[in-house]
Amino acid sequence: MNLTLKIWRQPSPQSKGSMETYPIAGVTEHMSFLEMLDVLNEQLIKSGQVPVEFDYDCREGICGTCGLVINGVAHGPKKLTATCQLHMREFKDGDTITIEPWRADAFPVIKDLVVDRSAFDRIVSKGGYISINTGNARDANELPIGKEDADQSFDAATCIGCGACVASCPNASASLFTSAKISQYTYLPQGNPERERRVLKMVQQMDEEGFGNCSNHGECEAACPKGISIKNIAIMRREYVKAALKSGTLLV
Amino acid sequence: MSEIKIGDAIQGHIPDGEIAKKWDNYKANIGVVNPANKRKYTVLVIGTGLAGASAASSLAELGYNVKAFCIQDSPRRAHSIAAQGGINAAKNYQNDGDSTWRLFYDTVKGGDYRSREANVHRLAQVSVNIIDQCVAQGVPFARDYGGLLANRSFGGALVSRTFYARGQTGQQLLLGAYGAMMRQAELGKVSIFTHREMLDVIVVDGHAKGVTIRNLKTGEIESYAGDAVLLCSGGYGNVYFLSTNAMNSNATAAWRCHKKGAYFANPCFTQIHPTCIPVSGEYQSKLTLMSESLRNDGRVWVPKTKETAEKLRKGEIRPRDIAEADRDYYLERRYPTFGNLVPRDVASRNAKYVCDEGRGVNESGLAVFLDFADAINRLGRDAVEDRYGNLFEMYERITGENPYETPMQIFPAVHYTMGGLWVDYDLQTTIPGLFALGEANFSDHGANRLGASALMQGLADGYFVVPYTLGDYLAKQKPVNASDTSHPAFKTSVDEIKAQMEKLMAVNGDKTVLEFHRELGLKMWDYVGMSRTAEGLQKALAEIPKLREEFWNNVRIPGEGDGWNKNLEMAMRVADFLELGELMALDAFNRNESCGGHFREEYQTPEGEAQRNDDEYSYVAAWEYSGNPSEPVLHKEALQFDNVKLTQRSYK
């Protein structure tokens with residue numbers, strides 16, 4: 001099929017970007033979306049132009065590196081699918097496709113479609129873990145955990161940290177990402193000793209990074225390639241209010 | 001081809017004593033750094049996958065200063081994240097007779113007797129601690145209704161010892177290790193450097209004392225000093241271009257260490273996984289694995305005749321049109337005892353044979369069927385969906401075909417590399433102070449890795465081995481000033497790297513980096529792939545250096561050397577693959593036997609199985625760089641089997 005691509009080009013973090021148009025021919029339905037961009041880039045290099053920079057790594061939907069806003073939708077038209085697993089059979093001959101980076105103040109553009117998501121690492125560093133040193137653990141089966149709790153914890157833990165939730169949110173909120181981590185440990189007894197400290201510190205960091213507030217649009221859940229539920233945000237809020245009341249830091 | 005130069009034999013520094021007591025004896029007798037002195041040492045950790053993140057967090061907890069580097073935009077994205085199936089541990093929670101000994105034995109046998117007994121036994125011993133550690137970290141492993149941990153079975157074992165978190169075990173384990181490392185980052189003990197690629201190791205007075213790094217975001221070349229370097233940069237499967245590895249997985253950090261004096265061991269030992277989604281076209285950029293667990297219920301087949309296969313390929317008939325009598329369930333036919341559950345190397349080779357006979361089932365003729373029709377009839381669709389639903393969805397997302405209605409098409413793909421930097425029992429390379437962990441080293445899997453053992457080894461090395469062995473090394477070293485990179489070795493290295501980059505940028509030829517990589521990959525796959533011959537390997541040895549020369553004279557790298565430039569990044573990796581590929585071919589040529597993933601057609605049993613030659617090749621081939629990539633020196637480490645009896649593997 002023949003397509004017209006409209007792609008965000010931005011040479012550096014400081015420079016002003018713009019949408020550029022590229023025709024592409026010979027795309028087949030079996031190609032992945034990123035393979036289609038590989039083909040475009042090979043053509044650009046051969047004709048002496050600078051290729052489009054975009055981020056990718058595993059190309060099997062688990063590392064969370066890739067992420068493009070395709071026709072205005074984070075990760076494109078197919079539900080529960082990261083950009084790297086989107087295939088060209090979702091498009092048809094003659095289509096015009098717009099491709100943009102994640103857009104959020106907290107995710108500055110590095111080049112073209114590549115953004116800096118280090119804000120997520122800083123949120124995790126404030127409490128996205130259970131504090132236990134290597135070698136201090138007791139036997140794994142000494143602490144039974146009900147299957148349902150373990151499964152719920154797992155569901156929250158499958159977040160790949162791609163940032164589609166932020167990119168799709170009108171407020172650029174990181175609530176789904178942050179709450180998924182908090183929720184994972186809320187379901188587990190191991191998470192109990194630090195639960196208040198965890199939620200207070202992670203939420204504070206989320207705010208300091210410049211992410212917006214959640215106002216229940218639900219776009220994050222719709223865009224999430226792993227189907228992380230918005231109920232995690234409710235859990236985070238409940239945990240936050242409890243912790244803030246207890247510590248006397250609740251700000252209204 | 002000139003004769004291979006043979007250097008001195010090398011020793012693995014294996015502690016004395018009976019095998020079950022070696023590790024404890026070792027720990028009781030090593031040097032230890034006083035807690036107050038640990039903070040004077042800085043450890044540079046390259047790579048933040050399971051091995052790197054677990055080492056970084058454990059060492060920081062002990063009090064060392066750690067600098068951790070990764071090529072990704074976040075340490076959480078290292079390719080360990082993609083491991084699906086599970087992690088082995090000799091917990092014996094199932095009461096099915098598992099033990100440290102049995103895990104040790106299975107791993108040595110599964111590796112076709114080409115691994116080091118003492119290392120494997122230690123791995124089996126600490127496996128149980130890994131599960132405890134990960135559960136304490138909040139890794140949500142699968143559990144039974146009683147709240148206890150669930151297990152499943154994997155290839156090459158007769159017990160259920162695999163712990164798992166649905167099909168995302170690697171992700172959950174890595175996020176646990178990453179969290180532990182981020183906790184130390186918050187405490188100021190780990191500094192994290194993302195978008196950083198190691199391009200050189202700095203050797204001062206014979207010891208590793210620093211690294212040269214390229215900042216992939218800004219293009220700057222940076223120097224870091226430290227008291228030791230831990231290489232945790234993964235395997236080199238992408239030398240084949242198409243593999244199940246992540247696109248950015250590469251051999252550069254390890255290869256640059258090799259060129260500075262670290263021996264490279266058993267480079268030809270690569271694992272080809274039998275169940276991957278086949279190549280669909282020339283634009284293909286990577287291959288996706290479908291979990292080994294599918295072979296529990298799926299039946300592998302191709303048409304009995306070439307003619308039927310041709311009709312299939314032309315689309316004249318559909319798979320379901322082929323009568324039972326016209327199908328060849330070749331694994332069940334050839335291996336009645338193990339059937340579809342033969343080990344990975346055997347399953348892969350047999351898929352190649354039937355496709356070579358012209359019986360492949362997709363347009364390219366390079367695919368076989370994995371059919372669930374019988375399982376659906378026997379168990380019902382719901383039960384099959386319960387077991388494999390997420391894998392079927394992934395298959396449909398990629399291929400557009402529904403595996404409930406038509407058989408899956410699968411083909412083998414490069415998945416893991418058992419070879420890597422040579423290390424001794426301490427995980428130390430031949431450069432003192434440079435350690436290699438996880439897939440980057442060679443030590444535990446011999447010629448074939450068993451399923452669910454890669455995660456175990458990465459975490460064993462990082463959490464439970466290197467914190468001891470590194471301490472023993474550092475106890476004998478005076479701490480360096482980590483902010484001082486004034487030693488001339490740093491500047492020499494930076495100048496060399498800048499010169500290499502400028503040279504690459506200046507070529508401005510006609511072929512892209514991707515074209516060279518793809519071409520190398522095809523040669524590697526054809527000559528150093530699933531099935532190798534002396535003749536094919538000689539072709540590889542002749543053609544790879546030519547391709548390398550062409551690369552340096554005809555590659556085109558767009559853009560600028562400073563700032564973000566993916567093509568330049570890739571070009572430097574491909575330059576190294578073009579050297580490593582030749583060493584792999586040479587290693588395969590030198591090893592006149594078949595073992596595990598290394599199958600030489602000249603050496604097979606009358607039934608077509610791998611024929612080892614224990615008298616002549618029961619050794620680790622550790623290659624030393626000589627200054628010319630075509631003329632490395634071979635050092636042999638004799639493998640001694642005091643505990644496991646060497647036998648011919650049979651799966652009939």
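Trainee: Which residue is the bridge partner of B:Val45 in S3(B)?

Mentor: That's B:Ala68. Bear in mind that this is a predicted model, where local features need pLDDT of at least 70, side-chain atom pairs count only at pLDDT 80 or more, and totals for chains, interfaces and linings use all residues. Residues are numbered from 1 along each chain as its sequence is written, while chains are lettered from A and ligands numbered from 1 in the order in which they are written.

Trainee: How do you know that strand S2 and strand S3 of chain B pair?

Mentor: Residues 42-46 (S2) and 65-69 (S3) of chain B share 5 bridges, in the parallel sense. Pairing takes at least two bridges found by DSSP, so these two strands qualify. By strand we mean a DSSP run of E with at least two residues; a helix is a run of H or I with at least four, and both are numbered from the N terminus.

Trainee: What is the strand order of the open sheet in chain B?

Mentor: S6-S3-S2-S10-S18, 5 strands with parallel pairing.

Trainee: Why are strands S6 and S18 of chain B called edge strands?

Mentor: S6 (190-193) and S18 (434-436) each pair on one side only. Neighbouring strands in this sheet are turned by 20° against each other on average, ignoring direction.

Trainee: Which helix lies across S2, S10 and S18 of chain B?

Mentor: Helix H13 (residues 454-474) of chain B, running at about 155° to S10(B). The angle is between N-to-C directions, on a scale from 0 to 180 degrees, with axes fitted to C-alpha atoms (for helices, over the stretch in contact).

Trainee: What makes A:Arg59 buried?

Mentor: A:Arg59 has 25 other C-beta atoms within 10 Å. A:Arg59 sits in the loop between helix H1 (33-46) and strand S3 (69-70) of chain A. A:Arg59 also has a positive phi, about 55°, without being a glycine.

Trainee: Why is that worth a remark?

Mentor: Because most residues other than glycine have a negative phi.

Trainee: And how do you know that B:Phe241 is buried?

Mentor: Count the other C-beta atoms within 10 Å: there are 24, so B:Phe241 is buried too. Its phi is positive as well, about 60°, and B:Phe241 is not a glycine. B:Phe241 lies in the loop between S10 and helix H7 (252-259) of chain B.

Note on methods: Contact = placed C-beta atoms within 7 Å. Buried ≥ 20, exposed ≤ 12 C-beta atoms within 10 Å, placed from the backbone.
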